[in-house]
Amino acid sequence: MSTHLERTNGNTREPGIQDCTVSSITDISPTVKLLQLAPQRPVSFKPGQWVDFFIPQTEIVGGYSLCSDPRSPNLELAVKYSKHPPAHWVHKTCRTGEKVQVRVGGDVFLESDSGAKVVLLIAGGIGINPLLSMIRAGVGTETKYHLLYSAPSKDELIFFDDLEKLSAGNDNVTVEYFITRETVESDYRVKMNEERISPIIVNDLVSDYKRRFDEDNIRCFLCGPPPMIDFLSSEIKMKCEYEKWW
């Protein structure tokens with residue numbers, strides 16, 4: 001199996017590796033931990049980009065999308081558990097105060113001056129990370145952000161509370177949730193669609209936005225498991241931007 005560095009060999013990377021300290025570790029779902037990193041020097045990135053993640057005592061490098069607001073002095077990574085050494089280290093060994101290193105990379109991102117009127121975001125599971133960064137960066141702007149977010153269960157809708165605050169407090173943010181492997185109680189406080197995000201759902205939204213805006217002013221980003229990206233990207237009736245680096 002190829003490594004993260006091999007799979008992303010052709011991607012753009014920022015020069016230099018930055019030293020960081022792990023300032024907090026938080027469980028945000030049964031399978032995901034949120035790392036907050038304090039860089040030794042300011043680290044700039046665009047919403048949608050990722051980092052090479054260097055940890056102590058192993059040469060194996062991880063790759064994780066940034067979920068933080070680019071304006072924040074700290075970096076945030078939500079890491080799902082796996083036996084891959086960097087993810088296993090985050091879940092089983094990492095403590096606050098640990099020293100790590102990062103290097104920013106990635107070619108799919110949303111520019112602050114993109115001019116988009118609408119940004120349609122489609123997330124599956126941990127794929128919410130780079131799309132949340134885009135929403136956080138876009139709060140208070142004139143751009144409309146519309147997120148479709150799918151997970152197996154309510155517990156795996158990471159950043160649920162953050163997304164609810166963002167959508168409740170900002171007219172330009174709309175979030176729809178989709179649960180694929182759990183029945184949601186009918187009186188649950190937020191509507192949960194018990195289905196997968198289908199091409200019909202996405203294309204109905206695309207058609208509606210195309211009636212109101214020129215297609216050049218609509219951006220669509222997709223991030224999730226490979227089968228989801230392969231299927232939806234071939235069925236959505238507009239250009240959809242995504243990276244496949246797993």
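I started today with Arg136, which sits in helix 3. A reminder to myself: this is a predicted model.

Is Arg136 buried or exposed? I looked up its relative accessible area and found 14%. Buried means under 20%, so Arg136 counts as buried. Next I asked which residues Arg136 is in contact with, leaving aside its neighbours within four places in sequence. My list reads Cys67, Ser68, Asp69, Arg71, Glu76, Phe159, Asp162 and Leu166.

**The rest of helix 3.** I then checked how well helix 3 is covered, and 10 of its 11 residues are buried. I noted the buried ones as Ile128, Asn129, Pro130, Leu131, Leu132, Ser133, Met134, Ile135, Arg136 and Gly138. Just past the end of helix 3, I found Gly140 with a positive phi of about 85°.

**Helix 3 against helix 4.** Helix 3 covers residues 128-138 and helix 4 covers residues 160-169. I looked at how their axes lie: they come within 12 Å and cross at roughly 30°. Angles under 35 degrees count as roughly parallel, so I wrote down helix 3 as roughly parallel to helix 4. The crossing of the two helices is left-handed.

Which residues meet there? From helix 3 I have Ile128, Leu132, Ile135 and Arg136, and from helix 4 Asp162, Leu163 and Leu166. Sorted by class, this contact of helix 3 with helix 4 has 5 nonpolar residues, 2 charged ones and no polar ones.

Note on methods:
Residues numbered from 1 in each chain as written. Predicted model: local features only at pLDDT ≥ 70, side-chain atom pairs only at ≥ 80, totals over all residues. Heavy atoms only, no water. Axes fitted to C-alpha atoms, helices over the stretch in contact; angles between N-to-C directions. Helix = DSSP H or I, 4+ residues; strand = E, 2+ residues; numbered from the N terminus. Parallel < 35°, antiparallel > 145°, perpendicular 65-115°, else oblique. Left-handed = near helix turned anticlockwise from the far one by under 90°. Contact = heavy atoms within 4.5 Å. Nonpolar A, V, L, I, M, F, W, Y, C, P; charged D, E, K, R; others polar. Buried < 20%, exposed > 50% of the residue type's maximum accessible area, 1.4 Å probe, protein only.
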